Amino acid sequence: MERAEIVLPCLDEAEALPGVLAGLPAGWPVLVVDNGSSDGTADVARAHGARVVVEPRRGYGAAVHAGLVHATGDLVAVLDGDGSLDAGALPAMAEAVRSGQVDLAAGRRVPETGSWPWHARAGNALIAAELRRRGLPVHDIAPIRVARRDALLGLGIRDRAFGYPLELLLRAGAAGWRIAERPVRYSRRAGGRSKVSGSVAGTARAVRDMAGLLR
């Protein structure tokens, strides 16, 4: 059976990590990518049994790519290390890929009250609408996802910042991947402050990174 591994890109998530790691599917190997944290994220991850690699180049895409390079699982699941996404959705998502139903299982956030600020939701909705116009069957920008590691690396994704998940969807669509969304509960983050949705400026930076890919 193809083995699944979880990659958690993290920047200053020491407060949230213990709960996040405790809530992951039992028995799945976990790789935490420390993207230049100053709060002891790497030490917390190791203390709770996760393997850690350090990616000094700042950027969500840089952290995810480093995770893919160092992962050893046949399937790779990627989600944030802030505790906002329900990792309980991962086994079904992985099985959809493992069984050949889809090439990419992507989460569609189902937000709890107060978990998704208006500016972040609006930016996501605009970009997702453009993706649907281009024929991609998505309503979210794959905040949690599962696919085969070798296939992901084979897409040749170049973005190393916030545009990474959008480029992944665009390249997967161009390659003819079968993409299916699964509803995933989206809660308030377990600790710290979001680098994207926590402020209008963070959202604007993410939208800027993504808009360049849609030209």
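Predicted model: local features only at pLDDT ≥ 70, side-chain atom pairs only at ≥ 80, totals over all residues.
For the angle, the step of reasoning is simple: planes over 60 degrees apart count as edge-to-face. Tyrosine 60 belongs to helix α3 (residues 60-70) and tyrosine 164 to helix α7 (residues 164-174), so the contact ties together parts that are 104 residues apart in sequence.

## Tryptophan 116 and tyrosine 186

Now for another ring pair. The rings of tryptophan 116 and tyrosine 186 have centres 5.6 Å apart and planes at 75 degrees, so this pair too is edge-to-face. Tryptophan 116 sits in the loop between β5 (104-111) and α5 (118-133), while tyrosine 186 is part of strand β7 (residues 179-186), so parts 70 residues apart in sequence are tied together.

Both residues are worth a look for accessibility. Tryptophan 116 is buried, with a relative accessible area of 11%, and tyrosine 186 counts as buried at 7%.

If you trace the strands, you will find 7 of them in an open sheet, ordered β3-β2-β1-β4-β6-β5-β7, with mixed pairing. The edges are taken by β3 (51-54) and β7, each with a single partner strand, so one side of each is left without a neighbour in the sheet. From one strand to the next, the twist averages 25 degrees. Strand β7, at one of these edges, is the strand that holds tyrosine 186.

Elsewhere in the sheet, strand β1 (residues 4-10) and strand β4 (residues 75-78) run parallel and are joined by 4 bridges. Alanine 4 has leucine 75 in β4 as its bridge partner.

## The annotated region

The UniProt record, an unreviewed entry, lists residues 6-123 as "domain: Glycosyltransferase 2-like". Over those residues the chain is 33% helix and 22% strand. The C-alpha atoms at the ends of this stretch are 27 Å apart.

Key: Residues numbered from 1 in each chain as written. Heavy atoms only, no water. Helix = DSSP H or I, 4+ residues; strand = E, 2+ residues; numbered from the N terminus. Phe/Tyr/Trp six-rings, centres within 6.5 Å; stacked < 30°, edge-to-face > 60°. Buried < 20%, exposed > 50% of the residue type's maximum accessible area, 1.4 Å probe, protein only. UniProt positions renumbered as here; feature names shortened; annotations may be inferred. Pairing = 2+ DSSP bridges. Axes fitted to C-alpha atoms, helices over the stretch in contact; angles between N-to-C directions.
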